[in-house]
Amino acid sequence: MPASRTVAVIPARHASTRFPGKPLALIAGRPMVEHVWRRCQEASAFDEVWVATDDARIRDVVEGFGGKAVMTSPACPTGTDRIAEVARSRPDVDVWVNVQGDEPLVDPAALKVLAGLFQDDAVHMGTLVRPLEPEEVDNPNVVKAVLALNGDALYFSRAPVPHAREPGTPVNRWAHLGLYGYRRDTLLKLATLAPTPLEEAEKLEQLRALEHGLRIRCAQVSWRTVAVDVPEDVARVEAVMRESAPAFR
């Protein structure tokens with residue numbers, strides 16, 4: 001049997017409601033999508049790294065800095081659908097990793113951990129979690145993950161789960177990091193599934209997989225994200241880069 005191939009895809013769309021043109025926003029002199037692409041390269045975990053976009057401006061910038069871009073349909077509702085569109089034409093690739101295009105500080109070591117989950121043949125979908133900080137427990141913008149003993153996800157929620165009924169009861173709490181890996185057949189199946197009740201209630205796409213009985217293996221890392229959601233976040237990211245130089249040259 002030929003060795004399985006692992007490909008990272010960075011979904012990048014220009015039409016963001018809160019931050020139009022976000023993938024091309026300059027951060028420390030480089031477009032954000034280039035920072036994400038560089039972190040993927042540094043992980044040394046992928047046979048290929050692609051940017052999937054529906055905008056020729058993004059494609060041209062990616063090719064300009066030496067990356068590879070593939071054009072996908074503007075009708076793709078989510079990044080998962082965009083990656084699935086690419087995967088349909090690549091039966092030679094077994095594992096696909098979805099790297100969020102608004103994570104210019106994504107840790108290459110965390111990406112390597114995520115890709116490494118698929119060394120276990122029993123893993124068909126994977127993601128990352130980190131320890132939840134006490135001040136994050138009641139923050140609905142920090143998604144919580146509840147894990148089985150083997151690391152599979154039991155549930156994801158914006159609520160402070162799990163609940164310790166007895167005060168002082170020790171309980172591990174995890175924050176979810178929105179990076180995913182998939183076996184090709186799982187990715188293509190997921191892209192055909194309709195939204196589910198829990199997904200719609202929590203507004204968490206990963207619940208669609210759990211509600212349809214797909215298992216999600218979670219790897220534990222220490223990396224904390226600083227995502228770019230609005231233009232004001234660019235300055236926050238640049239401050240982290242200055243503090244962490246030369247890691248982000």
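S10 supplies the largest share of the lining of the largest pocket, six residues. This is a predicted model, in which local features need pLDDT of at least 70 and side-chain atom pairs count only at pLDDT 80 or more, while totals for chains, interfaces and linings use all residues. Residues are numbered from 1 along each chain as its sequence is written, and side-chain values use heavy atoms, with hydrogens and water left out.

Select strand S10 (174-183) to begin. Strands (E, at least two residues) and helices (H or I, at least four) are DSSP runs numbered from the N terminus.

The largest pocket has a volume of about 1,900 Å³. Of its 50 lining residues, Gln-100, Asp-102, Glu-103, Ala-227 and Asp-229 are the closest to its centre. The lining has 19 nonpolar, 13 polar and 18 charged residues.

Now select helix H4 (residues 108-116), which gives three residues, the largest share, to the lining of the second largest pocket. The volume there is about 190 Å³. Among the lining residues are Ser-4, Asp-47, Lys-112 and Phe-118.

Last, select Arg-90, in the loop between helix H3 (79-88) and strand S6 (95-98). Is Arg-90 buried or exposed? Arg-90 counts as buried because its relative accessible area is 19%, and buried means under 20% (1.4 Å probe, protein chains only), exposed over 50%, partly exposed in between. Beyond neighbours within four places in sequence, Arg-90 is in contact (heavy atoms within 4.5 Å) with Arg-5, Glu-48, Trp-50, Trp-96 and Arg-184.

How values were computed
1 Å grid on protein atoms, 1.4 Å probe; cavity = no way out; pocket = protein on both sides within 12 Å on 5 of 7 lines; lining within 4 Å. Points joined across faces, edges and corners; volume = space filled by probe spheres on them. Nonpolar A, V, L, I, M, F, W, Y, C, P; charged D, E, K, R; others polar.
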